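Dear colleague,

Please find below the sequence and the structure for your review. A short account of the findings follows.

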Amino acid sequence: MSLSRQYSFWGSLSPLGGLTGIGLIIMASARLSWAVTVAGSLLWVYGLTTFSFTFLLSVLGGKFFPEKGRVTLYTVMAAFFGSIYLFLFWLLCPFAALEVFVLLLLVPLFCAVSGIAQQIPSLSEMTQPETNFDKLQAIRKKRTGDGLQLDVFEYVSDAISQAVSLAGLIVAFSIVREPLSYCSLSLPGTYQGMITIMYFSENSFFPISIFSSSAGALLLLGYIICMYQYGKGKINPGEYK
């Protein structure tokens, strides 16, 4: 099963199916502004890290990418791109960056343990032919460069699909959680760190303050996970047999 299939919405390693990234969902969904900022960081870090790692692995080869140090090197790249995103966001909105400083530092760690680096084969595995026909195909791809582009696109698309799955869940959960907790919706910006784009009066929409804490978020997320597992069992009943 491919990595994108496992991390799809109904996959076994999805944020709701395998509870991957549950800590980031709880912490970043308190405010919609936090969720949007973290979602952008997920797409930025997952996409650029996988693209750089796969491209450099294909160009430089095993001399600079040893088997035992690939995961460490992938982690360093993820931290590098995460730092760039944090720096650029701090230039645009310093107070908003301070609010999500710890969350943005956690994004490269989630990227490092996502299993993407382990799924990318080594250079010897990508270029080792088994038959004469495979040798001709390898030489032809090496001359045209079609094989390299296909490999890079495949793994980058898998990484982005994983990031989109987690980012979409964080944003969707924050849209439900923030109105219940603070009776408002916000986006990052201004000197205060966030812009209130929607406000509900207490007479028409009573906030339930318990959902603003992590314990309340776990209760709400537990209900959503139960509904998800019920729907997954109806759609894919074969996984439970």
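Is the crossing of α4 and α6 left-handed or right-handed? The crossing of these two helices is right-handed; a crossing has this hand if the near helix is turned clockwise from the far one by less than a right angle, and is left-handed if anticlockwise.

Please note that this is a predicted model, in which local features need pLDDT of at least 70 and side-chain atom pairs count only at pLDDT 80 or more, while totals for chains, interfaces and linings use all residues. Residues are numbered from 1 along each chain as its sequence is written, and side-chain values use heavy atoms, with hydrogens and water left out.

The chain as a whole

The chain contains eleven helices and two strands, which are DSSP runs numbered from the N terminus (helices: H or I, at least four residues; strands: E, at least two). From the N terminus, the order is α-α-α-α-α-α-α-α-α-α-β-β-α. Of the 241 residues, 41% are buried (under 20% relative accessible area; exposed is over 50% and partly exposed in between, with a 1.4 Å probe and protein chains only).

Helix α4 and its partner α6

Helix α4 has 23 residues and spans 33 Å from its first C-alpha to its last, close to the 33 Å expected at 1.5 Å a residue; the expected span is 1.5 Å times one less than the number of residues. The axes of α4 (residues 70-92) and α6 (residues 101-112) come within 8 Å and cross at roughly 155 degrees. This makes α4 roughly antiparallel to α6, a term for angles over 145 degrees. Axes here are lines fitted to C-alpha atoms over the stretch in contact, and angles run from 0 to 180 degrees between N-to-C directions.

On the α4 side, the contact (heavy atoms within 4.5 Å) includes Tyr74, Ala78 and Tyr85, and on the α6 side it includes Phe101, Leu104 and Pro108. The buried residues of α4, among them Tyr74, Ala78 and Phe81, pack against α3, α5 (94-99), α6, α7 (116-119) and β1 (184-188).

Two individual residues

Ser33 lies in helix α3 and counts as buried, at 2% relative accessibility. Leaving aside neighbours within four places in sequence, Ser33 is in contact with Ser186, Leu187, Pro188 and Met194.

Glu67 is found in the loop between α3 (32-60) and α4. Glu67 is exposed, with a relative accessible area of 52%. Glu67 and Pro121 are 54 residues apart in sequence and 9.7 Å apart in space, C-alpha to C-alpha.

Yours sincerely

How values were computed. Angles under 35 degrees count as roughly parallel, over 145 as roughly antiparallel, 65 to 115 as roughly perpendicular and the rest as oblique.
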